[in-house]
Amino acid sequence: MYKILGLVLSVFVTLSAHADDVRDFQKVNSNKAIVSIETEDKDGTQAAAYLDGAENPQFINMLLDDPQSRLSLLKQTLEMEHCQKISATPDGWIDGCGAVEVTEIIRTSFGRGGWMEGASDYTFFVGFRSAGTGRYFESTHMVTFTEHAVANTDANMKYLGSVTKTLELGKIVKLPVQ
């Protein structure tokens, strides 16, 4: 599954216009991460320019790798429902049964609050691909997460040359049965 997930998510890694910026991704907890960005330009910035989705694949993989994250727990639940066991392979495939899959990520909203702040919401779907000749796939859950960027300033609102971005898992909604 991780190979499939990596392939799907790698399509969405955007090349940043801020190539010389230094980014540091850090896990905060099972459902949240922060990215500290030292920007090339030290005089000013547009925080919303850093809502580029560059860390989205790393964030989704972090969620899937942490057995306590809500996304990982969903993956385990779907594996048990379909296969009566949890995958132990790096690609997530369970022989003779199938694998949990994550669809492409879609940016569903974007907003900015002047030069200092901005946020984007993303949505993707999770389902199970069954083994067999047809490899049937059905999305069963909709998952949302937020990317929020804030320019760091001093008490006088002077830009300090860095942006802090937060990635946080939002809702996981079970889709109605069709």
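Which residues does Ser69 touch, not counting residues up to four places away in sequence? Select Ser69 together with Ser30, Asn31, Leu63 and Leu64, which are its contacts on that count (contact: heavy atoms within 4.5 Å). The model is predicted, so local features need pLDDT of at least 70 and side-chain atom pairs count only at pLDDT 80 or more, while totals for chains, interfaces and linings use all residues. Residues are numbered from 1 along each chain as its sequence is written, and side-chain values use heavy atoms, with hydrogens and water left out.

Ser69 lies in the loop between helix H2 (56–65) and helix H3 (70–83); helices (H or I, at least four residues) and strands (E, at least two) are DSSP runs numbered from the N terminus. Ser69 is buried, with a relative accessible area of 0% (buried: under 20% relative accessible area, 1.4 Å probe, protein chains only).

Next, select H3. Its buried residues are Leu71, Ser72, Leu74, Lys75, Leu78, Glu79 and Cys83. They cover an arc of only 155 degrees around the axis and therefore lie on the same side of H3; the arc is that of the directions from the helix axis to the C-beta atoms. Their cover includes H2 and the strands E3 (98–102), E5 (117–130), E6 (137–153) and E7 (159–174). After H3 comes Gln84, with a positive phi near 60 degrees.

Then move to E5. Pairing requires at least two DSSP bridges between two strands. E5 pairs in the antiparallel sense with E3 over 5 bridges, and Ala99 has Arg129 in E5 as its bridge partner. E5 and E6 are also antiparallel, over 13 bridges; here Tyr122 stands opposite Phe145 in E6.

Notes
Buried means under 20% relative accessible area, exposed over 50%, partly exposed in between (1.4 Å probe, protein chains only).
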